[in-house]
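Visitor: I have a model open in my viewer and I'd like to learn how to read it. Could you walk me through some features?

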Amino acid sequence: MKYSGYHGRFGGAFIPEILVPTFDELEAAYLEAKADPAFWQEYEQLMSTYSCRATPITYAENLTKYFGGAQIYIKREDLNHTGAHKANNVMGQGLLTKRMGKKRVIAETGAGQHGVATATMAAKFGFDCTIYMGAVDVARQRPNVFWMEQMGATVVAVEDGSATLKDAINEAFRDWVTNMDDTHYVLGTACGPYPFPDMVSWLQSIIGKEAREQMLERTGQLPSRCYACVGGGSNAMGLFGGFFEDESVQLVGVEAGGHGRGIGQHAVRLAYDDATVGVAQGYKTYFLQNTDGQMQETHSVSAGLDYVGVSPILAALHESKRVRFEAATDAEVVEAMQLTVRKEGLIPALETSHGFAQAFKEAPEMSKDEIILINQSGRADKDIFTVADAIDDPKWKEFIIRKAEEYKRA
Amino acid sequence: MLKSYIRARRQQKDLLLMTHIVLGYPNFDDSLRVVEQMVEAGVDLMELQIPFSEPMADGPVILHANAEAIKAGATVDKSLEIAEQITRRFDIPFLFMTYFNILYARGVDKFVDEMKSIGIQGAIVPDLPPEEGEEYLAAMKRNALSPIHIYTPNTPDARMRQLSDQSDGFIYTVARKGVTGKDTQFSDELGDYLARCRASTDLPLALGFGVKSKADMDFIRGHADIAVVGSETIRVMEREGVEAVKGFIQTLVA
Ligand SMILES: Cc1ncc(COP(=O)(O)O)c(C=O)c1O
């Protein structure tokens, strides 16, 4: 490859020898597309006709009044086709796949959002598609599995390891080392070996570019703080990308605090000091691992944040202190989500709601002249089972029991 | 030195055999017993894999062995301890196979120095291309240990030569795309690829991935110096027990 892909001491490309020519090809395609204004034009055109770009900014008037502090604005990535920012990255990589002349795509997925987005793209572009998903996630995100299969994708439940996102990534790599000649691996977040972190962040930067312009147009000022949840880090990199040059804008990444501190209880790589620097899944970053370097169990109510590593670019921004990292616990997240649903009629995904939870902690202490911007990375349709469980909704349970009985009789 | 050992041994035999085990699978006592069986059956050198939780380049059999070993309590300390016992007791060269994070977590220099002091002669680290391996390669050199790199059917000639320059002992050529433990077609095409490997390095060639029978060994003879058997011995052990490993190896080298 032309570049090493390091950000500070993080990143790199720790890839098996068999993939070296594949990464050379991918980097070349990425650098060429990045240097070609026609690519970005085609990408924007596609996203404005197939998805819902530019996604709007919503002023959350009721939440603003409720907290009585900073004015709260929300970037509506949930209005993308398939309901999350994942569509941006996927459609962009779909265009690259076409450029490289490949006919098949594979992807890992945690929450299933990235899997659904990839299956959609494959259906539209006529690619064969296989999605790897941890068996634990298949169990908790059935609606997304259903749609992937409807779109013609093969969904493989991965039983190895902790049967979550990291194991799905390993399995996707095992497919890729076999089928690289006709297959592109559409990695779903700003992680993995270079050029993925850079390429995914570039494609997601469409969020921040739009948001900065929209904020200036709507409010005549820049937000003083931007919030985004951080799983692998792609929606955060996307939003923050619009504001890196604006020193007055604080950037806040919010990780999954799960049940709270203590390894195994959460998926917090940067905000707590449970993670250490290591190399896995092809890149160097902070991982939740033991002293031997074995990856440890993680926990989050949201499948999409339940991951041992984090974008090497965010790890570098953490060290340079350009981005501040915080954690929100499962309980705080469910509460923030319910409040947002009730007050604004918006339905942030559980992943997304981590950003909301942290913003809600800080907004009341800020002045009314200040503005904050939260990235609503996705909507919670997929989370209906998990949320219904979390709030213990009796009518939902009744419905499911009745439905199950119907199926049993049939 | 590994290279001279291989060369000398090749004077006596037209094909050497390298086998592989995952340390601590199913437990450390059995690891020792399997090594004993393999050495007695006439294996020429061995890879000892230190288990890792994310063995990205391994197929289902070795992946499962890694996970079970860790579950059963295999740590890096214990792996090094057992490796030292092995190198003391058995008079063939032993190599480590593991993923880079195992070295990185311990400190690359420290890990490599320990390799030297416990009598390990080289290492295969499949997720560490030489571009990322500066510290590792320097430490290996300082300790006169053999860093072994991998050739694949996708590797261009120029890169083969670069990899050869960074390697010592031998080159590990994989017979096909994919991960360990799947079937391989031993065909003329493979012969062409091995000829290309041979032309790009002066080091001995080992051929692995999917080798599991005497017929495979017969094909490899003349194309490579060393045949590598990995997943198949784990399958034999899982199916028929530790005691069956010796008999299986004997059928390969007969
Ligand atoms: C709605 C939503 N937000 C956020 C994430 C986390 O990913 P990232 O950190 O790459 O944005 C996911 C992942 O599945 C998601 O579905």
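Guide: Rings of Phe, Tyr and Trp pair if their centres lie within 6.5 Å, with the six-membered ring used for Trp. Keep in mind that this is a predicted model. Ring pairs link A:Phe23, A:Phe173, A:Trp176, A:Tyr185 and A:Phe196 into a cluster.

Visitor: How many aromatic pairs does that rule give over all chains?

Guide: The count is 28. Take A:Phe23 and A:Trp176: with centres 5.4 Å apart and planes at 65°, the pair is edge-to-face, because planes over 60 degrees apart get that label. This pair links distant parts of the chain, since A:Phe23 belongs to helix H1 (residues 20-35) of chain A and A:Trp176 to helix H8 (residues 165-179) of chain A, 153 residues apart.

Visitor: Are A:Phe23 and A:Trp176 buried or exposed?

Guide: Buried means under 20% relative accessible area. A:Phe23 is at 0%, so it counts as buried, and A:Trp176 is likewise buried at 0%.

Visitor: Which label goes to the pair A:Phe39 and A:Trp202, stacked or edge-to-face?

Guide: Stacked: the ring centres are 5.6 Å apart and the planes are at 25°, so this pair falls under the 30 degree cut-off. Here too distant parts of the chain are linked, with A:Phe39 in helix H2 (residues 37-49) of chain A and A:Trp202 in helix H9 of chain A, 163 residues apart. Both A:Phe39 and A:Trp202 are buried.

Visitor: What about charges over rings?

Guide: For those, look for the charged end of a Lys or Arg above a ring face. A:Lys98 has its charged end over the ring of A:Phe125, 4.6 Å from the centre. You'll also find A:Arg261 over the face of A:Tyr272, at 4.1 Å from the ring centre.

Visitor: On to sheets. In what order do the six strands of the open sheet in chain A run?

Guide: The order is S3-S4-S14-S9-S10-S13, and the pairing is mixed. At the edges are strand S3 (57-59) and strand S13 (323-329) of chain A, each pairing on one side only. From one strand to the next, the twist averages 25°. Zoom in on S3(A): with strand S4 (residues 71-76) of chain A, the pairing is antiparallel over three bridges. A:Tyr59 has A:Tyr73 in S4(A) as its bridge partner.

Visitor: Which helix lies across S3, S4 and S14 of chain A?

Guide: That's helix H9 (residues 196-219) of chain A, running at about 140° to S4(A).

Visitor: And the sheet in chain B: is the pairing parallel or antiparallel?

Guide: Parallel: nine strands form an open sheet in the order S5-S4-S3-S2-S1-S9-S8-S7-S6. Strand S5 (146-148) and strand S6 (150-151) of chain B stand at the edges with a single partner strand each, so one side of each has no neighbour in the sheet. S6(B) pairs with strand S7 (residues 171-174) of chain B in the parallel sense over two bridges, and B:Tyr151 has B:Thr173 in S7(B) as its bridge partner.

Visitor: How do I read the buried face of a helix?

Guide: An α-helix has 3.6 residues a turn, so residues three or four places apart point the same way. In helix H6 (residues 108-117) of chain B, the buried residues are B:Val108, B:Phe111, B:Val112, B:Glu114 and B:Met115. Seen down the axis of H6(B), they fall within an arc of 155°, so they line one face of the helix.

Visitor: What do the buried residues of H6(B) pack against?

Guide: Their partners in chain B are helix H4 (76-89), strand S3 (94-97), helix H5 (100-106), strand S4 (122-124) and helix H7 (134-142). After H6(B) comes B:Gly119, with a positive phi near 85°.

Conventions: Residues are numbered from 1 along each chain as its sequence is written. Chains are lettered from A and ligands numbered from 1 in the order in which they are written. This is a predicted model: local features need pLDDT of at least 70, side-chain atom pairs count only at pLDDT 80 or more; totals for chains, interfaces and linings use all residues. Side-chain values use heavy atoms; hydrogens and water are left out. Two strands pair if DSSP finds at least two bridges between them. Helices (H or I, at least four residues) and strands (E, at least two) are DSSP runs, numbered from the N terminus. Axes are lines fitted to C-alpha atoms, for helices over the stretch in contact, and angles run from 0 to 180 degrees between N-to-C directions. Contact means heavy atoms within 4.5 Å. Buried means under 20% relative accessible area, exposed over 50%, partly exposed in between (1.4 Å probe, protein chains only). A charge sits over a ring if NZ of Lys or CZ of Arg is within 6 Å of the ring centre and within 35 degrees of the ring normal. The arc is that of the directions from the helix axis to the C-beta atoms.
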